[in-house]
Protein chains: 2
Amino acid sequence: MDLFFEKCRENKLKITPQRVAIYKALTASVSHPSAEQIHKEVKKLFPNLSLDTVNRTLVTFAGAHMIDVVEGHGDSRRFDPNREAHHHFYCVSCRKIFDFQADSFQADPLDSLVLPREMEEKFLITGKRICLTGYCDQCRSKMAGKKLTLVAVKHRI
Amino acid sequence: MDLFFEKCRENKLKITPQRVAIYKALTASVSHPSAEQIHKEVKKLFPNLSLDTVNRTLVTFAGAHMIDVVEGHGDSRRFDPNREAHHHFYCVSCRKIFDFQADSFQADPLDSLVLPREMEEKFLITGKRICLTGYCDQCRSKMAGKKLTLVAVKHRI
DNA sequence: TATTAAATAGGATTAAATCCTATTTAGGTG
DNA sequence: CACCTAAATAGGATTTAATCCTATTTAATA
């Protein structure tokens with residue numbers, strides 16, 4: 001919980017009972033829950049907690065780097081026809097996906113990826129990719145100086 | 001287009017004008033479009049092409065490994081409280097996310113990732129992860145022997 | 001060319017995310 | 001410690017994406 005309080009203060013996020021409960025519920029989770037799952041859980045303590053609050057709170061936490069938003073990011077399904085081995089950078093602000101390859105003088109790091117044996121044996125792996133997240137150049141400058149707040153349009157910058 | 005015909009035959013997918021057009025539109029795309037974007041494009045040729053057809057076709061193509069479904073996978077947003085460096089395996093069938101670390105005797109391949117200079121300079125990178133996709137052990141056995149078809153519940157196995 | 005399983009269209013439904021507005025509250029300030 | 005205000009919340013409405021359902025059409029094969 002130390003991280004929670006520290007990051008809240010750092011980002012001037014108010015510490016509310018709901019937020020504490022949401023954060024606790026997430027850290028206690030074994031899987032990688034959706035907002036709805038967290039909502040269901042925390043409703044036991046706060047019967048009239050709204051789903052919107054959960055979603056916005058979690059996205060805000062992610063913005064403060066207390067947690068991560070993982071696949072999916074909550075937006076629509078996207079497709080990629082490129083069959084060459086390549087990697088992705090996903091801009092969490094504009095949601096554009098940028099392709100990249102590791103620096104050309106280096107070998108692709110995935111070539112040297114050795115998976116845990118159990119996984120290699122049990123799972124059927126059909127795709128491997130490095131996924132970076134962050135802010136693209138455009139969004140980076142747009143957000144310069146803006147402070148983190150829940151009053152966000154579409155949870156974006 | 002060779003891959004298209006080859007993979008269609010291989011998977012016993014009928015080659016329809018709509019499918020050809022959808023595939024072409026995707027390969028012609030520069031970004032990583034959503035079904036809706038492709039729909040909008042292909043509608044120019046087939047004014048009464050339905051969005052459902054586009055979505056199902058694209059997901060089917062992905063099942064046949066002609067294209068990839070990338071972030072997001074089309075399901076709800078998921079959260080992860082784990083701050084330790086780790087990687088993900090995403091089961092495209094049950095949508096569970098499994099954490100893993102590279103084999104413990106190896107260094108994490110991301111440690112040696114050298115990004116293109118332009119990217120390193122311009123983008124603000126806040127997260128790095130290896131993302132594997134495929135079928136987890138349970139789903140793998142469930143789907144054994146099932147053939148690929150568009151008649152799928154929730155586009156799953 | 002006849003057959004049939006597979007694919008499509010189009011509208012209905014579901015589900016997730018977000019919006020909107022009134023109300024409440026955390027945290028700073030006098 | 002009470003007040004003040006910006007920030008957060010609740011709850012319902014709306015929007016958007018994905019999927020479902022069913023009647024119709026069609027690609028592939030024999």
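1. Start with a contact between the chains. The side chains of Arg129(B) and Asp68(A) meet in a salt bridge, with 3.2 Å from N to O. Arg129(B) sits in strand E5 of chain B and Asp68(A) in strand E1 of chain A, so this pair joins two chains. Side chains of opposite charge can pair when their charged atoms come close. The model is a predicted one.

2. Asp68(A) stands opposite Asp80(B), a residue of E2(B).

3. In E5(B), Arg129(B) is the bridge partner of Cys131(A). The strands here are E5(A) and E5(B), the latter covering residues 124-135 of chain B. They run antiparallel to each other and pair over eleven bridges. Within this pairing, Ile130(A) stands opposite Ile130(B). In a regular strand the side chains alternate between the two faces of the sheet.

4. Next, the salt bridges as a whole. Over all chains, a search of the whole structure finds 16 salt bridges. Four salt bridges are found across the interface of chain A and chain B. The pair Asp68(A) and Arg129(B) is a salt bridge with its closest N and O atoms 3.2 Å apart.

5. The interface in totals. In chain A, 68 residues are in contact with 67 residues of chain B. The two chains bury about 6,600 Å² between them. Carbon and sulfur atoms carry 58% of that area. Polar contacts across the interface come to 37 residue pairs, both residues at pLDDT 80 or more.

6. Which element of chain A gives the largest share of the side that touches chain B? Strand E5 of chain A, residues 124-135, does, with twelve residues. By residue class, the side of chain A that touches chain B divides into 34 nonpolar, 18 polar and 16 charged residues.

7. Now the fold of chain A. Chain A has six helices and five strands. Read from the N terminus, the order of elements is α-α-α-α-β-β-β-β-α-β-α. The C-alpha trace of chain A spans about 50 × 40 × 30 Å along its principal axes.

8. Strand E3 of chain A, residues 87-91, has two pairings to check. With E5(A), strand E3 pairs in the parallel sense over four bridges. With strand E4 of chain A, residues 97-100, E3(A) runs antiparallel, and four bridges join the two. Phe89(A) takes part in both pairings: Phe89(A) stands opposite Leu132(A) in E5(A), and the bridge partner of Phe89(A) in E4(A) is Phe98(A).

9. The turn between E3(A) and E4(A) deserves a look. These strands form a hairpin with five residues between them. Arg95(A), in the turn, has a positive phi of about 70 degrees.

10. Strand E3 of chain B, residues 87-91, pairs with E5(B) in the parallel sense, over four bridges. Phe89(B) stands opposite Leu132(B) in E5(B).

11. Finally, the aromatic pairs. The search of the whole structure gives 14 aromatic pairs over all chains. How are the rings of Tyr23(A) and Phe61(A) arranged, stacked or edge-to-face? Their planes stand at 80 degrees and their centres lie 6.0 Å apart, so the pair is edge-to-face. The pair links distant parts of the chain, with the two residues 38 residues apart. Tyr23(A) belongs to helix H2 of chain A, residues 17-28, and Phe61(A) to helix H4 of chain A, residues 51-63.

Conventions: Residues are numbered from 1 along each chain as its sequence is written. Chains are lettered from A and ligands numbered from 1 in the order in which they are written. Side-chain values use heavy atoms; hydrogens and water are left out. Contact means heavy atoms within 4.5 Å. Buried area is the accessible area (1.4 Å probe) that two parts lose on being put together, summed over both. A polar contact is a pair of N or O atoms within 3.5 Å; within protein, one must be able to donate a hydrogen and the other to accept it, and residues adjacent in sequence count only if both atoms are side-chain atoms. Ala, Val, Leu, Ile, Met, Phe, Trp, Tyr, Cys and Pro count as nonpolar, Asp, Glu, Lys and Arg as charged, and the others, Gly among them, as polar. Two strands pair if DSSP finds at least two bridges between them. Rings of Phe, Tyr and Trp (its six-membered ring) pair if their centres lie within 6.5 Å; planes under 30 degrees apart count as stacked, over 60 as edge-to-face and the rest as tilted.
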